[in-house]
Amino acid sequence: IEFYDYTFIINLCDNYKGARTYVKSQKIEPKTGKLIYFNAELPHNVSELTEGKRYVIVGWYNHIDSKKL
């Protein structure tokens, strides 16, 4: 299993209810176009979607030390 250093989420809409993103228990309100990025090792989750549809782009990436290339 490969692990990643960082996680990112881009909100593509905000016209839904529920499905709030939490990072280290901090609630992050959605806004269309908003980028959220954080250390992937931090505890994070999304609450239940209660109405509508939630569209996001999610990705993971690693930091590459250019000195080691």
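Trainee: Why is tyrosine 6 called partly exposed?

Mentor: In this predicted model, tyrosine 6 has a relative accessible area of 31%. Buried means under 20% and exposed means over 50%, so tyrosine 6, at 31%, counts as partly exposed.

Trainee: What makes tyrosine 61 partly exposed?

Mentor: The reasoning runs through the value of 34% relative accessibility. That value lies between the cut-offs of 20% and 50%, and tyrosine 61 is therefore classed as partly exposed.

Trainee: Why is the pair of tyrosine 6 and tyrosine 61 called stacked?

Mentor: Two aromatic pairs are counted, and tyrosine 6 with tyrosine 61 forms one of them. The ring centres are 5.3 Å apart, within the 6.5 Å limit, so the rings pair. The planes stand at 25 degrees, under the 30 degrees required, and the pair is therefore stacked. Tyrosine 6 belongs to strand E1 (residues 6–11) and tyrosine 61 to strand E8 (residues 56–61), so that the pair links parts of the chain 55 residues apart.

Trainee: What makes the pair of phenylalanine 8 and tyrosine 61 tilted?

Mentor: The centres of these rings lie 6.2 Å apart, which is within 6.5 Å. Phenylalanine 8 is itself partly exposed, at 23% relative accessible area. Ring pairs join Tyr6, Phe8 and Tyr61 into a cluster.

Trainee: How do you know whether threonine 21 is buried or exposed?

Mentor: Its relative accessible area is 5%. As buried means under 20%, threonine 21 is therefore buried. Among the residues that threonine 21 touches are Ile9, Ile36 and Val46.

Trainee: What makes the approach of threonine 21 to arginine 54 a polar contact?

Mentor: The two side chains make this contact at 3.4 Å, which is within the 3.5 Å limit for a pair of N or O atoms.

Trainee: How do you know that E3 and E4 pair?

Mentor: Three bridges connect them in the antiparallel sense, and at least two are required, so the two strands pair. Threonine 21, in strand E3 (residues 21–23), stands opposite isoleucine 28 in E4.

Trainee: Why are E4 and E6 said to stand at the edges?

Mentor: The open sheet has three strands in the order E4-E3-E6, with antiparallel pairing. Strand E4 (26–28) and strand E6 (44–46) each have a single partner strand, so one side of each lacks a neighbour in the sheet. From one strand to the next, the twist averages 25 degrees.

Notes: Residues are numbered from 1 along each chain as its sequence is written. This is a predicted model: local features need pLDDT of at least 70, side-chain atom pairs count only at pLDDT 80 or more; totals for chains, interfaces and linings use all residues. Side-chain values use heavy atoms; hydrogens and water are left out. Helices (H or I, at least four residues) and strands (E, at least two) are DSSP runs, numbered from the N terminus. Buried means under 20% relative accessible area, exposed over 50%, partly exposed in between (1.4 Å probe, protein chains only). A polar contact is a pair of N or O atoms within 3.5 Å; within protein, one must be able to donate a hydrogen and the other to accept it, and residues adjacent in sequence count only if both atoms are side-chain atoms. Contact means heavy atoms within 4.5 Å. Axes are lines fitted to C-alpha atoms, for helices over the stretch in contact, and angles run from 0 to 180 degrees between N-to-C directions. Rings of Phe, Tyr and Trp (its six-membered ring) pair if their centres lie within 6.5 Å; planes under 30 degrees apart count as stacked, over 60 as edge-to-face and the rest as tilted. Lists of a residue's contacts leave out its neighbours within four places in sequence.
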